[in-house]
Amino acid sequence: MFNPNPVAWFEIPVSDMQRARHFYHHVFAVEFDLLEMGADVMAMFPFDHSTPGSSGALVQGPDYEPCDRGTMVYFECADVAPLLAKVEHAGGKLLLGKTSIGEHGFIGVFLDSEGNKVGMHSQQ
């Protein structure tokens with residue numbers, strides 16, 4: 001049976017783990033658990049296996065390269081505006097301020113401290 005919310009995990013490549021952790025902590029107010037898996041270092045976003053939705057990690061390793069093209073991750077939040085306001089102060093670059101997508105809510109897009117293109121989504 002097809003899961004209507006099929007994404008289970010994402011990984012965001014980073015060049016500088018300390019800088020990336022600082023950026024995402026500053027923008028989203030999250031704490032990370034660090035995990036080493038072979039040559040890779042992962043900073044895991046909080047997650048709860050008992051609730052729907054996905055989680056992911058910042059990953060630094062030889063096979064991970066930050067990029068502003070390709071797959072984009074959108075983070076769900078209550079309102080994109082206050083979080084987007086933190087992006088540049090945290091070392092990122094705002095690409096698209098809060099923008100209506102009609103009945104589907106609002107989005108905003110930024111480059112994180114590593115150069116990855118990332119989005120935010122909210123209903124308000």
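Keep in mind that the model is predicted.

Core to begin with. The largest nonpolar core has 25 residues. Y24, F28, F45, L58, F75 and M120 have the most contacts inside it. Five elements each supply at least two residues of this core: β1 (9-13), α1 (17-28), β5 (73-76), α2 (80-87) and β8 (117-122). α1 gives the most, with 6 residues.

Now the sheet. It is open, with 4 strands in the order β5-β8-β7-β6, and the pairing is mixed. What stands at the edges? β5 and β6 (93-100) do, each with a single partner strand, so one side of each has no neighbour in the sheet. Neighbouring strands are turned by 20° against each other on average, direction ignored. β5 and β8 run parallel, joined by 4 bridges. F75 has M120 in β8 as its bridge partner. α2 packs on this sheet and touches β6, β7 (106-111) and β8. The direction of α2 makes about 170° with that of β6.

On to the rings. There are 10 aromatic pairs in the structure. F23 and Y24 sit edge-to-face, 5.1 Å centre to centre, with 80° between the planes. Both are buried. F45 and F75 are tilted instead: 5.4 Å and 45°. F45 lies in the loop between β3 (40-44) and β4 (55-60), and F75 in strand β5, so this pair ties together parts 30 residues apart in sequence. F45 is buried at 6% relative accessible area; F75 is buried at 12%. Ring pairs link F10, F23, Y24, F28, F32, F45, F75 and F110 into a cluster.

Definitions and conventions
Residues are numbered from 1 along each chain as its sequence is written. This is a predicted model: local features need pLDDT of at least 70, side-chain atom pairs count only at pLDDT 80 or more; totals for chains, interfaces and linings use all residues. Side-chain values use heavy atoms; hydrogens and water are left out. A nonpolar core is a set of buried Ala, Val, Leu, Ile, Met, Phe, Trp, Tyr and Cys residues joined through side-chain atoms within 4.5 Å. Buried means under 20% relative accessible area, exposed over 50%, partly exposed in between (1.4 Å probe, protein chains only). Two strands pair if DSSP finds at least two bridges between them. Axes are lines fitted to C-alpha atoms, for helices over the stretch in contact, and angles run from 0 to 180 degrees between N-to-C directions. Contact means heavy atoms within 4.5 Å. Rings of Phe, Tyr and Trp (its six-membered ring) pair if their centres lie within 6.5 Å; planes under 30 degrees apart count as stacked, over 60 as edge-to-face and the rest as tilted.
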